[in-house]
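This report covers the fold, dimensions, surface and charge of one protein model.

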Amino acid sequence: MNEENKDLEDKIKDTEGTIDSSMDAIADKADDIKGNANESLDNAKDKASALAGEAGEKLGDLAEDAKEAFSNAKEKATEFIEGDAKETIDAAKAKAGELAEDAKEAFTNAKEKANEFIEGDAKETIDAAKVKANELAEDAKEVLGNVAEKTTEFASEASEKLEDLAEDAQEVIEEATKKTKGFFQRLFGSK
């Protein structure tokens, strides 16, 4: 058994040696990986710093360009406002003033023409209408006078004719009465 123990002890020692060398190899490999990782990390940091620096420069350039573009736009807007826009506004104000003057003049002319019409043509028309109305009133008076005169004449003639008719009727009645009396006397005998 001793020999078996010795073999077993040798195998355990060999296994321990293998484990130790494996552990050393693993530790070396871990150190290599750690070194490579640190190196890769440092490289990545360097690249990131470089890229960040470039990005910062680009952003600075872009900010400068944007600032310059804004200044140019502001300058052009100011020029437009002070130049073309002001000129356009001034022209519009001038045109509005002209239109207001034209409107005022047109109103004044219309007012004058209305007054002239009222004082001239309208007054003449009214006066002519008054004269015509007076003439028509005189004509109407005359016609009414003629109608009244004719009516009076007609009434007189009618009255005379009625009197003549009344007299004729009275005579006819008297004759009819006499004839009727005579007829009845003859018919019934004389009384």
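The sections below go from the basis of the model to its surface patches.

## Basis

This is a predicted model, in which local features need pLDDT of at least 70 and side-chain atom pairs count only at pLDDT 80 or more, while totals for chains, interfaces and linings use all residues. Residues are numbered from 1 along each chain as its sequence is written, and side-chain values use heavy atoms, with hydrogens and water left out.

## Fold and dimensions

The protein has 1 helix and 0 strands (DSSP runs: H or I of at least four residues for helices, E of at least two for strands, numbered from the N terminus). Helix H1 covers residues 2-188.

The C-alpha trace spans about 220 × 70 × 10 Å along its principal axes.

## Exposure

Of the 191 residues, 2% count as buried (under 20% relative accessible area; exposed is over 50%, partly exposed in between, with a 1.4 Å probe and protein chains only).

## Surface patches

Patches consist of residues with over 30% relative accessible area and no salt bridge, joining like charges within 9 Å and nonpolar side chains (Val, Leu, Ile, Met, Phe, Trp, Tyr) within 5 Å. A salt bridge is a side-chain nitrogen of Lys or Arg within 4 Å of a carboxyl oxygen of Asp or Glu.

Phe-188 lies in helix H1 and is exposed, at 65% relative accessible area. Phe-188 forms a nonpolar surface patch with Phe-183, Phe-184 and Leu-187.

Note on methods. Accessible areas come from the Shrake-Rupley method with a 1.4 Å probe; for residues, only the protein chains shown count as cover.
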